[in-house]
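Thanks for coming. I will go through a few points on one chain, so please have a look at the screen.

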Amino acid sequence: MSKQYRICSRCVMDSSDPDITFNEQGVCNWCTRYDNELSKLWLKGEAGKARLDEWVKEIKDFGKDKEYDCILGLSGGIDSSYLAYLGTKLGLRMLAVHVDAGWNSELAVQNIQNICSKLKIDLITEVVDWSVMRKVQLAFFRSGMVNQDVPQDHAFFAALYNYARKNKIKYVLNGYNIATENSLPLTWRGEYAMDDILVRSVYKRYFKKRLKNFPLLNYWNFNMTNIFSKEYVIVDLLNCIDFSKEEALKTLAKEVDYKDYGGKHNESRFTKFHQNYFLVRKHGFEKRRAHIASLVISGLLERDKAREILSKPIYNNLQEEKEEVEYIAKKLGISEEEFHQIMAAPALTIDDFKSGQKMHKKLLPYLNSFFKAGSKVKRLFK
Ligand SMILES: [Zn+2]
């Protein structure tokens, strides 16, 4: 029997988030944070249109006499896919970069192909050496740390930003949006992914060698260039429109024959396993709660409907769960016995490794103050 948790009276976040707080009306801190801060950063209607026009002008001015106006990281997920569609509508000449870290679902590959061919977007696929990727992923899995998606996320963004820098494409479109991502507890998010020191350290602990042939992003360089906009500017266009996941899915299905994955970030086989199996079994929380709560908080999903979704088990049956484990163990190159041993072992924490996370925690308020001030950096640092 699962523990009894106190649930917010307005959204569906509950005390499975250890840091949640409730006001006298029983409304949680995520709802009040959205009301007081985030909703003001999401520009809808005319305000959004005005900001969008500013962005398009700035990006196109940069792109004059160049082959591309901007670059777009395309995972095949709903956010980046809709961004590709929006960019086309806005007349931006985009270069899509897809990073293949070996975990793409077949559907994701199909979606990416359809988007690029139907919207006539040039696509570059950067393939991460699987023999290295497998080891980095296995090292993180052995560590048991919360954010098992560090290897994938790090590789994605490192390859994308390194490509942008090398080819001097300053504007990077990013699919982050307040509509669907507004309530992820820090303890659920786990380790910060843009931390090359951590990636190297985890790898070294289990494989005793220096990490090579893996896309890495220097923490300091990445965050500082964000602030001063010297090398690249990250643009969150989805925060300038009345973004609705449901509408986006309908539009993409109609325009580019897009197929839904049935869960946030399920375009990656590993992320699906990470969210649906690993975090639930090892750390005792369901990340989908935060994804679904985000939609309730931003008014895109009714609370009753959200509760109904959450009352259903993540896997339809035991067989489905068993197949997931078989697939992941095989792909990581370990036996199912070893898989279950790792799952049962105590999880290590960030303090067991070298990392830039302490510095990141200190820097975060400053990074976010740039965002709030409405400066050139129009992006919310996570
Ligand atoms: Zn709430």
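Lys312 and Glu308 meet through their side chains in a salt bridge, 3.5 Å from N to O; the term is used for a side-chain nitrogen of Lys or Arg within 4 Å of a carboxyl oxygen of Asp or Glu. Lys312 counts as partly exposed because its relative accessibility is 48%, and Glu308 is partly exposed at 39%. For reference, buried means under 20% relative accessible area, exposed over 50%, and partly exposed in between, with a 1.4 Å probe and protein chains only. Salt bridges with shared partners also join Lys57, Asp61 and Lys64 into one network.

Before going on, what is this model? It is a predicted model, in which local features need pLDDT of at least 70 and side-chain atom pairs count only at pLDDT 80 or more, while totals for chains, interfaces and linings use all residues. Residues are numbered from 1 along each chain as its sequence is written, and side-chain values use heavy atoms, with hydrogens and water left out. The pLDDT, which is the predictor's confidence in each residue from 0 to 100, averages 91 over the chain, and 93% of the residues score at least 70. Over residues 372–382 it stays under 50, and the model has 37 contacts for them beyond four places in sequence, a contact being heavy atoms within 4.5 Å. Where pLDDT is low, the predicted coordinates should not be read in detail.

Back to the charges. How many salt bridges are there by this rule? The count comes to 17. One of them pairs Arg10 with Asp35, with the closest N and O atoms 2.9 Å apart. That pair links distant parts of the chain, 25 residues apart: Arg10 is in the segment before helix H1 (29–41), and Asp35 is in helix H1. Helices are DSSP runs of H or I with at least four residues, strands are runs of E with at least two, and both are numbered from the N terminus. Arg10 is partly exposed at 35% relative accessibility, and Asp35 is partly exposed at 31%.

Glu247 and Lys250 form another salt bridge, at 3.6 Å from N to O. These two are separated by about one helical turn, because they are 3 residues apart in helix H10 (residues 245–256). Glu247 is partly exposed, at 45%.

Now a charged residue without such a partner. Asp149 lies in the loop between helix H5 (130–143) and helix H6 (150–166). Asp149 is buried yet has no salt bridge; the nearest side chain of opposite charge, Lys287, is 5.5 Å away. In this count Lys and Arg are positive, Asp and Glu are negative, and His and the chain ends are not counted. What does the side chain of Asp149 make a polar contact with? Its partner is the side chain of Gln152, at 2.9 Å. Leaving aside residues up to four places away in sequence, Asp149 touches Phe270, Thr271 and His274.

Last, helix H3. Among the buried ones are Ile78, Asp79, Tyr82 and Leu86. Their cover includes strand E1 (70–73), strand E2 (94–100), helix H4 (106–119), strand E4 (171–173) and H10. After H3 comes Gly91, with a positive phi near 80 degrees.

Technical notes
Polar contact = N/O pair within 3.5 Å; in protein donor to acceptor, adjacent residues only side chain to side chain.
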